[in-house]
Each structure stands twice: as structure tokens, then as C-alpha cells.
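Student: I would like to go through this model and ask what lies behind the terms used for it.
Tutor: Go ahead.

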Amino acid sequence: MKIRFVGAAHEVTGSCHLVEVGNITFLVDCGMKQGPDIYEEQELDVDASKIDYVLVTHAHIDHSGLLPLLYAHGFRGEIFATTATCNLCDIMLKDSAHIQMSEAEWKNRRARRSGKEEITPLYNMEDAENVLEHFVACDYHKIIDICDELSIRFYDAGHLLGSSSIEVWLKEDGVKKKVVFSGDIGHGNKPLIRDPEFIDEADYVLIESTYGDRVHSFPSDFAKSLAETIQNTLSKGGNLVIPAFSVGRTQELLYFIRRIKEERMLSDMQDFEVYVDSPLSVEATNIFNMNVEDCYDDEALSIVRSGGNPIKFDGLKVSVTPEESKMINMESTPKVIISASGMCEAGRIRHHLKHNLWRSECTILFVGYQVVGTLGHTLLNGAKEVRLFGETINVNARIENMPGISGHADRNMLLEWISKFKSPTKVFVVHGEDGVCDNFAMDIRNMYGFDAYAPYMGDEFDLINGKQTRVGARVVRTKKKTGSKASSNVYARLLSAGKRLLSAIERSEGMANKDLAKFADQINSLVDKWEK
Ligand SMILES: [Zn+2]
Ligand SMILES: [Zn+2]
């Protein structure tokens, strides 16, 4: 009975944990690492054909995005997830396959022109469609006996529609242990979906730590601030353009806009039109509408029960085809346009920026975190002009920032979540930047006396006695900067050499002191040489 940390160990993305119990091997999440230009270099650190099951906490790509690759490498088992997660994975994994294929095609066109080597996409649409056949839709709160060794139960994690924390019961040679995987935990008070649920018993707990070092502060009333921006922009005859992630953030915006209309916050322009222009957003909105009973909070449910829909209102228009999308900027009535991607790196939002950025009466409103290097970040930092579709576009529109409701719990909420456990044997802190996860583990130790530790990639623990059985590489994976794929492959070679050294050190335990001292001297002189 063992757990091995395969992903999201000392980093935020690429969640993946491997558990062995009896003759069964399963994964909890199989996520993609995210960041600029790292997609084609991802690999699976597990033998896919030996995996019997996968449990998926939620549909975000950093938790589900490598499932098609797992299939391509031979996985044929069952994948357990909540019904809403299954629904969302259906659109998100296909969308991800589409992105892999079109990026590879774009890069290969350039490669052919410059005589460079072509790349193959990480996975294709067929892999995504095939792996989707393996999903088993589960209800929240029901114990599911998967096999003799393994039973599970999903609790709401309040982070995204369908998101879950998973209770896992393991049985081996008459010994039973319970492990709880937090998944990503929401902050509570999120529109539409329920607050995170607490669990109080476990032998082992894995907890995320994305914001383990931060306390959130939110605007007191997001709808009111949004109403002011809509009023200021539309009354000048301009459009309000909102870049937003298709799944989650777009539906939250619809919820707030419905409130603005319902509560008549803009009495003189109640009939304003709102366009959702992203096929994925439209599909995701449909999935929200399909999972009302299982996933909505009391407030959203009461709207539904009184015959309404919390993400629908008069004046809401959706566009799916490219022709419908083009029409939005053809006619001149001031309107709200919500489109993806949320950081303006791809998708139809770029067309809306091209048509609206140069107009001083328009506003571009950011409602989510913008990673350094993205067009969204560039605009927020006051760029005077940007390049879009080969054209230079002046930035005359107002650029506003209104961080909404975060998808992740802050430090206080995470501490509250972990504090509910009575006396776990060990707490593993995952899904946090290097430093953040270590500090958060220290806080848990100091505040609650739990044996908390932030594991590294490759670390392995015996779940029967709680002892570490394998030490992973103490190397934090860094994002690829610049340079060719060849140079990063050479770097990977160096990393593997480092891992080999570490395992040689582990095996040397018990050797004669004279040999150990010699080994240590040789390592030190090697490191001295390379650190000069
Ligand atoms: Zn997530
Ligand atoms: Zn995550």
C-alpha cells in the first residue's frame, strides 16, 4: 500500500498521484502542466498500461488534461468522476486535443519553411474521444465500491461545477487505511455552486496549497462594480469587452449580469445586450444548466425552483459560428461582449480586441489573473499599442481590472479545511509553488501538530506504516524559458543524472565510513567545479 507523488509536487499544475494497493494501481488526477511553450515536452511519469483506474477530482486541464495521453500510452481502465466533471471533461478534453493539434500544425508549417524537425501533437482528437468512453459518472456523497481493495466517495470541493474532494478507502491483507484527496478547494460564497464541504476523518490527507501564503480581499459587491463599468461604457456609445475563461468565470459573469438586470441596477438602460462569443463557453453554459440539482447552491436553486435561470436573462445572445461572431462588431449598438481566452492569448477575444481596443469609448475589463507574458498582462500594464493579426492596434480604450471571486481558497480557508481532521497520520501538502507548499506544511505542523510535509516529485510513502520508501529528486521543475527543444532535452539528461546520483547515495547507506567520506568529497568537488 503506497502513494507516489507524480505531479503537482512543489508546483501548482500537473496534478497526478499514484496509489498501489494489493494488485491494484490507480491515479488520482492526470493533469497537464501549464505554462507557455511546455506542452509538447510533457511526458507521463507512469506506466499507463499498468494503471487500473483513475479518480478525477475536477475537470480543469491541470487535473484531467493528460488523460488522452494516458489512453494513447495504453490505459484502458475506468475513470471515476462526478457527473458534472464527466460532462465538462467531454468538452474540455476535446478542446484540449484541438489546441494540441492546431498548435502542432502551426509549428510544423514554420518548421517546414525553415527545414527544422517537425513535432507530433501531444495527443489527438481520437485519443480524447476514446478516453472519454472510459468515464464512469458518479453521484456526490455515495460510497462506490470499485473493487475489494478500493472504495471511494465524492464530496463537493466548491471550486468548479462538479469539483470534488475524494475520500478513498484502501484494503490490503486485512489492513484498512483512508486517504482524503482535497482536489482544488474553493473559497466559499462563489456564485452558483456550493461551498466546500469538510471531511473530518482520514489516515492521510493530501491538501492543495495554491494560496497557502495569501489572504483574499474581494470587492464587497462585484455586481455593483460591474454595473458601474457597464453604465460608464455603454452610455458613451462604446462596447464593454470582457476576456473570460469559458468554463466557470463566464457563467459567474452571466450570474452577476442577471442580478444587475433583475435588481434594475441600470434603470435607464435595462435592455442592454450581452454576447457570449466562444463555442466552448456556450457548451459549458449548457452543462451548468444540466447539473442544477447536483451542483447549485441554495440561492441558485431557489431561482430555478421559482421558474428562473440564474445564468439566463433578456438580452443574452450566444454566438457559435464564425459568421455569428463577425456580426457582433458589424452592428453599432453598444453592448457587452464576453469571450475567451481569459488571458487573450488565443480564441475569438483577439478579434474583439482588434475591433474595440482603438476606440476610446470602449472598455476592456479583466476579471481574472493575467500571467506575465500574456497579451492580457501587457494590456493591464499600460501598453500603448499591441500587435494583432499582423496589424498594429492603438490602445485607446479604457483598460480596467476587477478581480472577481477567486476559484481557490485562501490561506484561512485552507487552514479551516485541514483543521477539521481529527488526527491524521500524515498530511501531504501539494499543488503549491515551491516555498509556498513548504511554508504551508510548516504552518499546519505548528498550528495543529499534524505531521505535515510537502513531497517532491518521485517521493513515495508506505501507507501502512507512514514511512518514506523512496526519495524523489529535490529539483523543482522550472518552466522552459527560451531555447530549442534540443537544449531542454540535454537539460533533462542532466536532471536524470542528478536523480541517478541521489539514488546511488541512498543505496550507499551502510557502506564503510571511509567509502562514504570519499563519495561525499567527490560530490562536493564536482559541485564546486560547476558552481564556479
Ligand atoms: Zn482547478
Ligand atoms: Zn488545480
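Tutor: To begin with pairing: two strands pair if DSSP finds at least two bridges between them. This is a predicted model.

Student: How do you know that strand E13 and strand E15 pair?
Tutor: E13 (residues 273-277) and E15 (residues 335-339) are joined over 5 bridges, and the definition asks for at least two, so they count as paired. The sense is parallel. In one of these bridges Tyr275 has Ile337 of E15 as its partner.

Student: What is the strand order of the open sheet?
Tutor: Its 6 strands run E14-E13-E15-E12-E16-E19, with parallel pairing.

Student: What makes E14 and E19 edge strands?
Tutor: Strand E14 (316-319) and strand E19 (398-401) each have a single partner strand, so each has one side without a neighbour in the sheet. On average, neighbouring strands of this sheet are turned by 20° against each other, direction ignored.

Student: Which strands does helix H5 lie across?
Tutor: H5 (residues 222-234) lies across E12 (240-243), E15, E16 (363-366) and E19, at about 135° to E12. Helix H11 (residues 349-356) also packs on the sheet, where it touches E12, E15 and E16. The direction of H11 makes about 150° with that of E12.

Technical notes. Residues are numbered from 1 along each chain as its sequence is written. Chains are lettered from A and ligands numbered from 1 in the order in which they are written. This is a predicted model: local features need pLDDT of at least 70, side-chain atom pairs count only at pLDDT 80 or more; totals for chains, interfaces and linings use all residues. Helices (H or I, at least four residues) and strands (E, at least two) are DSSP runs, numbered from the N terminus. Axes are lines fitted to C-alpha atoms, for helices over the stretch in contact, and angles run from 0 to 180 degrees between N-to-C directions. Two residues are in contact if their C-beta atoms, placed from the backbone, lie within 7 Å.
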